[in-house]
Amino acid sequence: AAEPASSPAGPAGSSQAGSAPASATPAGAAALCDGPAAPSRLVTLWTGDGVRLAGFEAGAGSRGVVLVPEAGSAGKCGWWSYAAYLAQHGLHVLAFDHRYQGSSDCQPGSTGGGPGQGLLADIAAAVRALRAAGAGRIALLGASQGGSEALIAAARPASGTASAAGAAGAAGVAALSADELDQPLAAPPGPRTAGAAAAMVRVPVLLAVAPDDPYVSLTGTRTL
């Protein structure tokens, strides 16, 4: 569930932020991230295993996109410019920081993020929040490691433990320069790597990589 970041803890829905005058002080993601001064709303997500995640929501409507962050410090802000573009073109967008990343919390009782610890639970929380906010069809869009996570989430059933369940009812997946293809990014049961998950995805998938990408090979993407 999602709630305004400034409100008390607890699940609630989320809604579109109103447009602000061009001269207004930037709010929402625009106040945190480099990029356009477009409208958005900061939200708090709660995972099935009780971890608080920080995110932002932009746009409105029934066509939703969950933006899965890359590994590293940029987190949700790495998507802000593109999120604003998607929202301006009629899509309902939600981006988030993974646990142990950005403004999100660490998992209670944990001393650090192990391989794939809780990544799918974070994606599932974002899908649930966006659906609760009115998006009926939701696609997963991830880049780099986030692209591999999106493939794994789409390949798994919605049922299962909080840490192993997939993204319920994703309508499609876009994986941009997906890497860490053989790295376990999810807990068992089910596929743990993007390489194992790719053949199990039963929704439309877009895979894209630049021919000169220094980190991801065109051959590896074609193999997926």
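1. The chain exposes about 9900 Å², and carbon and sulfur atoms supply 56% of that area. Accessible areas come from the Shrake-Rupley method with a 1.4 Å probe, and for residues only the protein chains shown count as cover. Of the 224 residues, 47% count as buried (under 20% relative accessible area; exposed is over 50%, partly exposed in between).

2. This is a predicted model, in which local features need pLDDT of at least 70, side-chain atom pairs count only at pLDDT 80 or more, and totals for chains, interfaces and linings use all residues. Residues are numbered from 1 along each chain as its sequence is written, and side-chain values use heavy atoms, with hydrogens and water left out.

3. The chain has six helices and eight strands, in the order β-α-β-β-β-α-β-α-β-α-β-α-β-α. Both kinds of element are DSSP runs numbered from the N terminus (helices H or I, at least four residues; strands E, at least two). Among contacts (heavy atoms within 4.5 Å) with a separation of 6 or more, 71% join residues 24 or more positions apart.

4. Helix α2 spans residues 80–88, and its buried residues are Trp80, Ala83, Ala84, Leu86 and Ala87. Seen down the axis of α2, these fall within an arc of 160°, so they line one face of the helix; the arc is that of the directions from the helix axis to the C-beta atoms. Their cover includes α1 (29–32), β3 (52–58), β4 (63–68) and β5 (92–96). Just after α2, Gly90 has a positive phi of about 90°.

5. The axes of α3 (residues 119–132) and α4 (residues 145–155) come within 10 Å and cross at roughly 75°. That makes α3 roughly perpendicular to α4 (65 to 115 degrees; under 35 is roughly parallel, over 145 roughly antiparallel, the rest oblique). Axes are lines fitted to C-alpha atoms, for helices over the stretch in contact, and angles run from 0 to 180 degrees between N-to-C directions. Leu119, Leu120 and Ile123 of α3 meet Gln145, Glu149, Ala150, Ile152 and Ala153 of α4. By class, the contact has six nonpolar, one polar and one charged residues.

6. Some backbone values in the loops deserve a check. Tyr100, in the loop between β5 and α3, has a positive phi near 70° and counts as partly exposed at 27% relative accessibility. In the loop between β7 and α5, Ser177 has a positive phi near 50°. The loop between β7 (172–176) and α5 (194–197) also holds Pro189, which a cis peptide bond joins to Pro188, with omega about 0°.

Definitions and conventions
Buried < 20%, exposed > 50% of the residue type's maximum accessible area, 1.4 Å probe, protein only. Nonpolar A, V, L, I, M, F, W, Y, C, P; charged D, E, K, R; others polar.
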